[in-house]
Amino acid sequence: MRLFKLHYLILFQLTIVISSCSSLDNLRFWKSDEVDIDEPKKLMSFSDEKALSIKWKNAYKGENNMGSFIPDFSSQNLFFSDASGKVLSLNANTGNENWSAELSFLASGTAAGFGIVAVSDIEGNVIALDQKDGSKLWSSNVKGEVLSKVAIDAQIVVVKTGSGELLGLNKENGDIEWSYRSTLPLLTVRGSSSPVIVDDKVYVSFDNGRLGVFQINSGFPIWDGAISYVSGVSELENLIDSDSDPVVDAGLIYTTNYQGNLNIFDITQKRSVWSYETSSFYSPVITRGMLMVVEADSGIRSFSLKTLQESWVNDDYKNRDLSNAVNFKGNMIIGDFEGYLHVIDTLNGRTIGRKKISRKPIKTVFSRSDSLYVIDEAFNLFSINI
């Protein structure tokens with residue numbers, strides 16, 4: 001579910017009410033007897049080349065409307081949390097529980113690394129637990145809602161708040177080591193990208209549609225760049241929020257934003273080297289020499305990494321409120337609002353596998369080496385075999 005958040009007075013004379021939408025492209029202000037262009041596409045026949053099955057399923061509590069509760073891994077263990085405040089360590093292969101901890105209501109998902117598990121509650125507390133037994137190590141209030149999972153380094157835990165602040169917390173005690181506040185636009189999409197740590201640098205996309213790169217130990221901003229620029233006349237038209245995590249690969253940074261661009265930045269040159277106008281809430285997927293993006297209307301578009309020319313477009317899932325997509329064994333895996341999981345051949349865009357695994361919308365797909373996991377809107381966690 002994507003909602004607006006207003007940071008000052010009401011900006012428009014028109015009151016926008018969004019009861020349930022996963023894409024801002026679905027806003028409609030009229031009724032018509034014509035064909036509904038926002039009607040979800042019916043599923044089409046496909047070549048069934050990949051069999052999907054549920055390996056195990058665990059059920060947890062709450063509503064995962066925004067899909068912000070994402071698992072993480074360390075060794076053979078999977079760490080997961082739900083909105084009620086339950087944090088768990090699970091055997092990633094069997095789904096059996098190693099330990100669980102009960103905290104207050106949580107706002108976003110789980111990060112694990114360097115011996116700790118970190119979650120964030122609805123009061124703005126970042127809480128670190130011991131990976132071995134779930135005992136509480138520390139809690140630090142960052143004075144802002146945290147809607148994305150943190151990033152963990154050997155010395156620093158990097159946190160991004162909904163108010164546009166990026167903070168570095170001491171991993172041992174939670175003390176704030178540094179902070180940086182971005183310029184927040186008046187109107188943003190409710191949701192937030194997670195910081196990404198690569199080679200002692202922090203890469204993060206902000207609500208103002210910019211990418212920032214920071215030194216991890218000091219928080220010093222090294223450089224930044226615009227994923228896209230505003231070009232409209234109203235606040236709604238100028239909404240270019242980036243809720244997707246940057247993808248850092250082979251010296252390049254791949255970014256997307258809403259009503260903006262798919263943009264590639266060169267780390268050495270510290271600037272954008274290619275962009276394509278599109279709108280997306282999700283990080284792009286890179287595999288088999290292809291670059292793919294799930295667009296805000298649930299269309300899927302691909303490009304050749306060698307030439308950056310458009311390769312194929314898949315419109316079979318238009319308006320089906322697709323989840324994020326992941327690369328799994330060279331194929332793209334994606335979920336939809338009816339609880340279907342789809343397997344797409346990344347070389348040609350054809351659907352080669354499909355299975356309905358839930359009665360609820362699929363919110364998050366997550367892969368790790370040979371393992372694939374899916375979380376739906378009702379906090380059911382699935383392990384999937386393909």
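**View 1. Asparagine 314 and its contacts in the predicted model.** Beyond its neighbours within four places in sequence, asparagine 314 is in contact (heavy atoms within 4.5 Å) with Gly299, Ile300, Ile344, Gly349 and Thr351. This is a predicted model, in which local features need pLDDT of at least 70 and side-chain atom pairs count only at pLDDT 80 or more, while totals for chains, interfaces and linings use all residues. Residues are numbered from 1 along each chain as its sequence is written, and side-chain values use heavy atoms, with hydrogens and water left out. Asparagine 314 belongs to strand S27 (residues 310-314); strands (E, at least two residues) and helices (H or I, at least four) are DSSP runs numbered from the N terminus. Asparagine 314 counts as buried because its relative accessibility is 3%, where buried means under 20% relative accessible area, exposed over 50% and partly exposed in between (1.4 Å probe, protein chains only). A polar atom of its side chain lies 2.8 Å from the backbone oxygen of glycine 349.

**View 2. Arginine 350 in its loop.** Here you can find arginine 350 in the loop that links strand S30 (340-345) to strand S31 (351-356). With a relative accessible area of 36%, this arginine is partly exposed. Its side chain makes a polar contact with the side chain of glutamate 49 (3.3 Å). A polar contact is a pair of N or O atoms within 3.5 Å; within protein, one must be able to donate a hydrogen and the other to accept it, and residues adjacent in sequence count only if both atoms are side-chain atoms. Leaving aside neighbours within four places in sequence, the contacts of arginine 350 are Ser47, Glu49, Val343, Ile344 and Asp345. Tryptophan 312 is 38 residues from arginine 350 in sequence, with 9.5 Å between their C-alpha atoms.

**View 3. Serine 298, a loop residue with positive phi.** Serine 298 sits in the loop between strand S25 (290-294) and strand S26 (300-304). Its phi is near 75°; most residues other than glycine have a negative phi. Serine 298 is buried, with a relative accessible area of 4%. A polar atom of its side chain lies 3.2 Å from the backbone nitrogen of aspartate 321. Among its contacts outside four places in sequence are Tyr317, Lys318 and Asp321.

View 4. S4 and strand S5 (residues 86-91) run antiparallel and are joined by five bridges; leucine 78 has leucine 90 in S5 as its bridge partner. Serine 75 is in the loop between strand S3 (72-74) and strand S4 (77-81), and has a positive phi of about 55° though it is not a glycine.

**View 5. Confidence along the chain.** The protein has a mean pLDDT (the predictor's confidence in each residue, from 0 to 100) of 89, and 86% of its residues reach 70 or more. Residues 3-32 have pLDDT below 50, and this stretch has 64 contacts in the model beyond near neighbours in sequence. Where pLDDT is low, the predicted coordinates should not be read in detail.

How values were computed:
Two strands pair if DSSP finds at least two bridges between them.
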